[in-house]
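Good morning, everyone, and thank you for making time for this short talk. Please take a look at the sequence and the structure before I start, and keep them in view while I speak.

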Amino acid sequence: MGLFPPTPFFIEQAASLIKKGGLVAFPTETVYGLGANALDPIAVAKIFEVKGRPHFDPLIIHILDISFLDFLCQNVPDQARILAQKFWPGPLTLVLPKKKIIPDLVTSGLQTVAIRIPSHPIALELIRISGVPIAAPSANPFKYLSPTTAEHVLNQLGNKVDMILEGGPCSIGLESTVMDLSNDEPCILRPGGLALEEIESVIGPLKTHFPPKKKGSLNSPGQLERHYSPRTPLKILEEGEFPKGNFGKIGLLAFKTISRKWNAVKIEILSPQGDLKEAAAHLFSSLHRLDEAGLDIIYAEPVPEIGLGIAIMNRLRKAEMKIQKSNIKNQNDKSKFKMPPL
Ligand code: TXA
Ligand code: MG
């Protein structure tokens, strides 16, 4: 338990924990993962238990190289191989028809499996030494903000995992882009660390970017409306909007350097120059800090919806669901929220 430096000794220890059916939190280039041997259903069951994750939400399997694709998947289409060649290791997860060897628990009983090769050297070393594919969701309690530092994992899951490998802040900071290639019409199930434009530059324009919502079911459980949420209510501002009233202690998640005076207790700037890559890398850390500041509300400035901006806005909208659905009453309750002058 606790944080361990990623020395060869501790990576060996972590790998032997994985082989024995334990849980290890480890850094990837996107977010920290909570890993277990993907071929061991009992170990995988512990992931769901520790995260408080419902069993209908399947996991991503992390592999070491492309040759494992055919070990775990069948009927792999050419497009999947082309994308894997181009973007692996990296922040792209492919959903493909699965083989029987994968326990049903990993895929929540679906006939498809989500796979990626992470590009973080510690993650790769852990998979290599374990000698097994590693199933790993983001290492956070279900629905809460994803962890982009080892401290986030320690604070959220601490003593529930066998070991946390310390690898510094994640360079991309957003979960992988999840793409479904299991049927004739490839589409994006979750925007993420690899921009849609990059995918389309390799395989051409997708007919549909995001699948239409199926009534009563989820294409990808990660599409659950409320997700990636801070505990503090969050509200996305309109472009150039400045909140009129004031709802107590406010925090601001600004996209770039701000030009007007804000009466905010805490301000986080995602990227002073307005660079979307930098903003993505800082998104979850900034939200974690705002969430810990004892605020009544977090206002988030919108970012342009191009490149990684699509995934950033997707996460902010999911975080916002909370205020729309359950805190709207509080917003209007002026007796609860004092109105300090702006
Ligand atoms: O960057 C990432 O993807 C991180 C790191 C640790 O790799 N992992 C991650 O895992 O974000 P998780 O479990 O938090 O999100 C996995 C997403 C969920 O939205 C899940 O519903 C979707 O992938 N998914 C997994 N298997 C699927 C499948 N067979 N079909 C459709 N969606 C699937
Ligand atoms: Mg997650």
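This is a predicted model: local features need pLDDT of at least 70, side-chain atom pairs count only at pLDDT 80 or more; totals for chains, interfaces and linings use all residues.

Let me begin with a pair of helices: H1 and H6 are oblique to each other, where angles under 35 degrees count as roughly parallel, over 145 as roughly antiparallel, 65 to 115 as roughly perpendicular and the rest as oblique. The axes of helix H1 (residues 8-19) and helix H6 (residues 121-130) come within 8 Å and cross at roughly 55°, and here the axes are lines fitted to C-alpha atoms, for helices over the stretch in contact, with angles running from 0 to 180 degrees between N-to-C directions. The residues that meet include Ile 11, Ala 15 and Ile 18 in H1, and Ile 122, Leu 126 and Ile 129 in H6.

Residues are numbered from 1 along each chain as its sequence is written, chains are lettered from A and ligands numbered from 1 in the order in which they are written, and side-chain values use heavy atoms, with hydrogens and water left out.

The protein chain holds ten helices and 14 strands, where helices (H or I, at least four residues) and strands (E, at least two) are DSSP runs, numbered from the N terminus. Of its 342 residues, 58% are buried, and buried means under 20% relative accessible area, exposed over 50% and partly exposed in between, with a 1.4 Å probe and protein chains only.

Now to the sheet. Ten strands form an open sheet with mixed pairing, in the order S1-S8-S2-S3-S7-S4-S6-S5-S9-S10, and two strands pair if DSSP finds at least two bridges between them. Strand S1 (3-4) and strand S10 (187-190) stand at the edges with a single partner strand each, so one side of each is left without a neighbour in the sheet. S1 runs parallel to strand S8 (residues 163-165) and is joined to S8 by two bridges, with Leu 3 opposite Ile 164 in S8. Helix H2 (residues 41-51) packs on the sheet, touching strand S3 (33-37) and strand S7 (134-135), and the direction of H2 makes about 155° with that of S3; contact here means heavy atoms within 4.5 Å.

Which residues of helix H8 (residues 196-203) are buried? They are Leu 196, Ile 199, Glu 200 and Ile 203. These residues cover an arc of only 95° around the axis, which puts them on the same side of H8, the arc being that of the directions from the helix axis to the C-beta atoms. After H8 comes Gly 204, with a positive phi near 85°.

Asp 57 sits in the loop between H2 and strand S4 (60-62), and counts as buried at 5% relative accessibility.

Finally, I turn to strand S14 (residues 297-300), where Ile 297 and Tyr 299 point one way, Ile 298 and Ala 300 point the other way, and all are buried. In a regular strand the side chains alternate between the two faces of the sheet. Strand S11 (residues 234-236) pairs with S14 in the parallel sense over three bridges, and strand S12 (residues 250-254) pairs with S14 in the parallel sense over four bridges. Leu 234 stands opposite Ile 298, while Leu 252 has Tyr 299 as its bridge partner in S14.
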